[in-house]
Amino acid sequence: MPLTCRADLTPTEHALAAPWSELFEASGVCRWLHVNGQVPPIVDRRAPIESRAAYGDLEAQTLSVLVRLRDKLEAAGFAPDDVVRVTGYLVREERLGGRPYLDGFSLTLRDVFEDDRLPVRTRILVHGLMKPARLVEIEAVAAKAGGGCMLDHDRPLHSLRRAPR
């Protein structure tokens with residue numbers, strides 16, 4: 001019984017080049033790991049603790065959160081390739097007219113996850129996080145083969161997409 005990350009047979013118009021998978025399918029018995037929301041650490045200790053400079057821009061914050069996530073996964077016996085879902089909570093940025101920097105978040109995810117193992121992803125716009133200088137918080141769910149469940153790494157992610165009409 002495979003654990004399969006695959007594309008939707010009816011993808012949305014923007015999903016064909018998207019940095020996420022449309023579907024995740026699991027069958028059999030798997031080990032699941034739910035990782036609580038991770039936030040960026042301070043990257044510049046010389047900067048005031050409540051300043052954006054202390055945490056970096058969105059790309060730096062996203063990358064530092066993904067490093068924390070990787071460390072938590074590895075401590076639990078999982079790897080980044082086992083991540084099947086991420087939820088990103090993104091803060092509005094004044095420099096972008098109150099919108100979050102969606103491309104910065106998505107491109108950083110694509111840099112970290114392999115193209116054929118991109119997790120299902122949701123981005124949620126939030127008014128703010130507990131520390132105002134933080135721009136992102138990421139939750140994750142990972143699945144690992146166990147019992148009757150097997151990982152199917154041989155099946156290409158995009159092999160199930162049908163041709164445009």
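L73 lies in helix α2, which spans residues 58-75. Helices are DSSP runs of H or I with at least four residues, strands are DSSP runs of E with at least two, and both are numbered from the N terminus. The model is predicted, so local features need pLDDT of at least 70 and side-chain atom pairs count only at pLDDT 80 or more, while totals for chains, interfaces and linings use all residues. Residues are numbered from 1 along each chain as its sequence is written, and side-chain values use heavy atoms, with hydrogens and water left out.

Is L73 buried or exposed? L73 is buried, with a relative accessible area of 1%. Buried means under 20% relative accessible area, exposed means over 50%, and partly exposed lies in between (1.4 Å probe, protein chains only). Not counting residues up to four places away in sequence, L73 touches L33, V35, F78, A79, P80, V83 and A142. A contact here means heavy atoms within 4.5 Å. One of these partners is V83. L73 and V83 sit 10 residues apart in sequence, and their C-alpha atoms are 8.7 Å apart in space.

## The cavity

Rolling a probe the size of a water molecule over the atoms shows where empty space is left. A search of the whole structure finds 1 cavity of 30 Å³ or more. The largest cavity holds about 40 Å³ of space. The search uses a 1 Å grid over the protein atoms alone; a cavity is a set of points where a 1.4 Å probe fits but cannot get out, and lining residues have an atom within 4 Å of a point. Grid points are joined across faces, edges and corners, and the volume is the space filled by probe spheres set on the points.

Which residues line the largest cavity? They are L66, L69, R70, L73, P80, V83, V112 and F113. Helix α2 gives the largest share of this lining, with 4 residues. An α-helix has 3.6 residues a turn, so residues three or four places apart point the same way. By class, the lining has 7 nonpolar, no polar and 1 charged residues. Ala, Val, Leu, Ile, Met, Phe, Trp, Tyr, Cys and Pro count as nonpolar; Asp, Glu, Lys and Arg count as charged; the others, Gly among them, count as polar.

## The whole protein

The protein has 3 helices and 7 strands. Along the sequence, they follow the pattern β-β-β-α-α-β-α-β-β-β. Of the 165 residues in the protein, 42% are buried. Take the contacts with a separation of 6 or more: residues 24 or more positions apart account for 76% of them.

Helix α3 covers residues 102-112, and its buried residues are G104, F105, S106, T108 and L109. The cover over these buried residues includes α2, β4, β5 (120-126) and β6.

## Salt bridges

Side chains of opposite charge can pair when their charged atoms come close. A salt bridge is a side-chain nitrogen of Lys or Arg within 4 Å of a carboxyl oxygen of Asp or Glu. The count comes to 4 salt bridges. In one of them, K144 pairs with D82, and the closest N and O atoms are 3.2 Å apart. This pair links distant parts of the chain, 62 residues apart: K144 is in strand β6 (residues 136-145), and D82 is in the loop between α2 and β4 (83-91). K144 is partly exposed at 23% relative accessible area, whereas D82 is buried at 4%.

R95 forms another salt bridge, with E93, and there the closest N and O atoms are 2.9 Å apart. R95 is exposed at 57%, but E93 is buried at 4%. The side chains of R46 and D44 also meet in a salt bridge, at 3.3 Å from N to O. R46 is exposed at 77% relative accessibility, and D44 is partly exposed at 21%.

## Two more residues

T87 is found in strand β4. T87 is buried, with a relative accessible area of 9%. Leaving aside neighbours within four places in sequence, T87 is in contact with T122, I124, E137, I138 and E139.

A76 has its place in the loop between α2 and β4. A76 counts as partly exposed, at 29% relative accessibility. Beyond neighbours within four places in sequence, A76 is in contact with R31 and L33. A76 and L33 are 43 residues apart along the chain, and 8.2 Å separates their C-alpha atoms.

Note on methods. On a 1 Å grid over the protein atoms alone, a cavity is a set of points where a 1.4 Å probe fits but cannot get out, and a pocket is an open set with protein on both sides within 12 Å along at least five of seven lines; lining residues have an atom within 4 Å of a point.
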